[in-house]
Amino acid sequence: MLEKKGLVYRSTGSWYEVRDANGDFFSCRLKGKFKIKDLKVTNPLAVGDEVSFFIEDGEEGTGVIFEISPRKNYIIRKSVHKTAHGHLLACNLDQLVLIVTLANPKTSLGFIDRMLVTAETFRIPVLIVFNKIDLLPKEGIEYQDVLIDLYTSLGYGCLVTSATTLQGTDDLMAALENKISLVSGHSGVGKSTLINILDPELDLATNEISTFANKGVHTTTFAEMYEIKANSYIIDSPGIKELGLMDVSQSELAHYFPEFRDLLGECKFHNCLHINEPKCAVKDAVEAGEISETRYMSYLSMFDNHDNRR
Ligand SMILES: Nc1nc2c(ncn2[C@@H]2O[C@H](COP(=O)(O)OP(=O)(O)OP(=O)(O)O)[C@@H](O)[C@H]2O)c(=O)[nH]1
Ligand SMILES: [Mg+2]
Ligand SMILES: [Zn+2]
């Protein structure tokens, strides 16, 4: 029996593709009765996890995972099927690359802000990529510039791309260097198309928007990691329709809005929730135009998410 360590590159239900330090791949199962402490999840393992596995004599190429190394961070959403549980999207990330578009299928600010809050729970840096610029009319570009100003001022990276004209794709490649990046966003925004431009050899499946918009079909159906360049890893993942927050209580929520965070000591009540309390520094800042109204609306929407009450 041989013991090895490796990185999970792909997870498809009960099988995991794991790459060891030599670059060899092994198809692994989890050892029976695998329990993860303190984390209620529908998938115990995700892409980006570091695992220890053993290979039984005579079983070349397949292995059994018996340990998951402690995670430095992860991106998690509420499970669509079991709402008390989370679903891990990916683990041990250096950055989240959030692909959005103001063209079709248009990404809402509410969705962007939810993704940002999720990343903020572990302070994972976020790069927001505004794709499909080739399809935007002039007014759309002006509005996009307003959003870029807003999110840049909050400390998030922003990039404008087009998979059609290749605008911004060199900058995107540069932003991925020497990092493990999760690429996420709605279905059809162009995640796989952009990754194919960065590494044409991958030849990932992509699809016309009409096919999934009508049937709700996602072209990419599971997350998979690719080394697009030495030491630059990118994880393509299935589109997300709605992002249910996990592990974010009402009292913590404001801490995950960087522009609120800076004001939290200035509210009259130390336990202010910034909803209808008097002398609230956050609400005052919204009224003074120092905090964006759209961000405050997103805060209220996430706050009202009943499942988060605790
Ligand atoms: N005009 C234009 N079309 C684009 C651009 N980027 C992607 N597309 C098109 O958008 C459609 C969807 O692209 P995909 O790459 O499959 O989208 P995805 O985000 O991977 O979708 P899922 O895998 O379902 O999550 C395809 O028809 C692409 O050709 C762009 O910058 N401009
Ligand atoms: Mg895809
Ligand atoms: Zn307040």
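**Pairs, a metal site and cysteines**

Tutor: Leaving aside residues up to four places away in sequence, D199 touches E227 and I228, where contact means heavy atoms within 4.5 Å. This is a predicted model, in which local features need pLDDT of at least 70 and side-chain atom pairs count only at pLDDT 80 or more, while totals for chains, interfaces and linings use all residues. Residues are numbered from 1 along each chain as its sequence is written, chains are lettered from A and ligands numbered from 1 in the order in which they are written, and side-chain values use heavy atoms, with hydrogens and water left out.

Student: Where is D199 found, then?

Tutor: D199 sits in the loop between α4 and α5; helices (H or I, at least four residues) and strands (E, at least two) are DSSP runs, numbered from the N terminus.

Student: And is D199 buried or exposed?

Tutor: D199 is buried yet has no salt bridge, and the nearest side chain of opposite charge, R19, is 10 Å away. Buried means under 20% relative accessible area, exposed over 50%, and partly exposed in between, with a 1.4 Å probe and protein chains only. For charge, Lys and Arg count as positive and Asp and Glu as negative, whereas His and the chain ends are not counted.

Student: Which residue forms a salt bridge with R19?

Tutor: R19 forms one with E227, and their closest N and O atoms are 2.8 Å apart; the term requires a side-chain nitrogen of Lys or Arg within 4 Å of a carboxyl oxygen of Asp or Glu. R19 lies in strand β2 and E227 in strand β12 (residues 224-229), so this pair ties together parts that are 208 residues apart in sequence. R19 is partly exposed at 21% relative accessibility, and E227 is also partly exposed, at 30%.

Student: How many salt bridges does the count come to?

Tutor: The count comes to 10 salt bridges. Among them, D20 and K4 meet through their side chains at 2.9 Å, N to O. D20 is in strand β2 (residues 15-20) and K4 in strand β1 (residues 2-12), so the pair joins parts that are 16 residues apart in sequence. D20 is buried, with a relative accessible area of 6%, whereas K4 is partly exposed at 22%.

Student: Which residues are linked in a network?

Tutor: A network of salt bridges links D113, E259 and R295. Within it, E259 and R295 have their closest N and O atoms 2.7 Å apart; E259 is in helix α7 (residues 258-261) and R295 in helix α9 (residues 293-303), 36 residues apart. Both E259 and R295 are buried.

Student: Changing topic, what are the protein donors of the magnesium ion?

Tutor: For the magnesium ion (ligand 2) they are S192 (OG) and T220 (OG1), lying 2.0 to 2.2 Å from it. Donors are N, O and S atoms within 2.8 Å of the metal (3.2 Å for Na, K and Ca), and water is not among the atoms, so sites may look incomplete. S192 lies in helix α4 (residues 191-198) and T220 in the loop between α5 (209-215) and β12, so the two tie together parts that are 28 residues apart in sequence. S192 and T220 are buried.

Student: Last one: how many disulfides does a search of the whole structure find?

Tutor: The search finds zero disulfides, a disulfide being a pair of cysteine sulfur atoms within 2.5 Å. For C28, the nearest cysteine sulfur, that of C91, is 16 Å away. C28 is buried at 0% relative accessible area, and C91 is buried at 0% as well.
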